[in-house]
Each structure stands twice: as structure tokens, then as C-alpha cells.
Amino acid sequence: VSDFHLQDGRTGLDAIAALRATFGDGIPAFLVSGDITQQRLRETGASTPHVLHKPVNPMALRAMISSLLKS
């Protein structure tokens with residue numbers, strides 16, 4: 001689970017890519033973001049289909065985690 005915006009101009013996509021490069025592509029991951037601009041949605045959609053928008057509903061968070069762990 002990563003926020004989209006991280007320090008020093010990095011993004012959650014960068015963090016997920018680094019983890020997957022180190023531990024393998026099978027690492028389940030998703031983003032949490034308060035940024036819902038069309039540009040940001042296009043950026044995230046190309047790399048990961050899994051994005052929850054803030055404020056995150058606890059049931060949506062649970063469903064996302066359960067879904068990713070099952071796959």
C-alpha cells in the first residue's frame with residue numbers, strides 16, 4: 001500500500017516498481033491518493049489498476065487487500 005505522492009518528487013508507482021524489481025512482480029500493491037485529476041488517473045492507470053481515493057472507506061480497503069491477496 002503506497003500513497004501516490006511521496007517525498008522528493010517520487011511517487012508510489014516508483015516505490016512499487018522498486019519493490020517489485022527487488023522481490024519479483026508477484027508483489028501485490030495498490031495506491032491511495034487524494035489526487036483525482038485526469039492526468040494523475042492516466043498516470044496510475046497505465047501502471048496499476050488498483051487505486052483507492054481518499055478518504056478511503058475501511059470496507060473498500062479491506063476488499064482491496066482481500067482481493068489482491070487472493071489473486
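I start with arginine 10, which is partly exposed at 46% relative accessibility. On this scale, buried means under 20% relative accessible area, exposed means over 50%, and partly exposed lies in between, with a 1.4 Å probe and protein chains only.

Before going on, the ground rules. This is a predicted model, in which local features need pLDDT of at least 70 and side-chain atom pairs count only at pLDDT 80 or more, while totals for chains, interfaces and linings use all residues. Residues are numbered from 1 along each chain as its sequence is written, and side-chain values use heavy atoms, with hydrogens and water left out.

Now the partner of arginine 10. Its side chain meets that of aspartate 8 in a salt bridge, at 3.4 Å from N to O. The term stands for a side-chain nitrogen of Lys or Arg within 4 Å of a carboxyl oxygen of Asp or Glu. Aspartate 8 is exposed, with a relative accessible area of 70%, and sits in the loop between strand 1 and helix 1 (12–23). Aspartate 8 also has a positive phi of about 55°, although it is not a glycine. Most residues other than glycine have a negative phi, and most peptide bonds are trans.

How many salt bridges does the structure hold? There are 2. One of them joins aspartate 3 and lysine 54, with the closest N and O atoms 3.0 Å apart. Aspartate 3 belongs to strand 1 and lysine 54 to the loop between strand 3 and helix 3, so this pair ties together parts that are 51 residues apart in sequence. Both ends are partly exposed: aspartate 3 at 29% relative accessibility, lysine 54 at 43%.

A cis peptide bond joins it to proline 55, with omega about -5°. Proline 55 lies in the loop between strand 3 (51–53) and helix 3 (58–70).

On to the overall fold. The chain has 3 helices and 3 strands, and from the N terminus on, the elements run β-α-β-α-β-α. Helices (H or I, at least four residues) and strands (E, at least two) are DSSP runs, numbered from the N terminus. The 3 strands form an open, parallel sheet in the order 1-2-3. Strands 1 and 3 stand at the edges, each with a single partner strand, so one side of each has no neighbour in the sheet. Two strands count as paired if DSSP finds at least two bridges between them. Strand 2 (residues 31–33) and strand 3 pair over 3 bridges, and valine 32 has leucine 52 in strand 3 as its bridge partner.

Back to strand 1 (residues 2–3), which also holds serine 2. Is serine 2 buried or exposed? Serine 2 counts as buried, at 11% relative accessibility. Leaving out residues up to four places away in sequence, serine 2 touches Gly12, Ala15, Phe30, Leu31 and Val32; contact means heavy atoms within 4.5 Å.

Last, some totals. Among contacts between residues at least 6 apart in sequence, 40% join residues at least 24 apart. The accessible surface of the chain comes to about 4,900 Å², of which 58% belongs to carbon and sulfur atoms; these areas come from the Shrake-Rupley method with a 1.4 Å probe, and for residues, only the protein chains shown count as cover.
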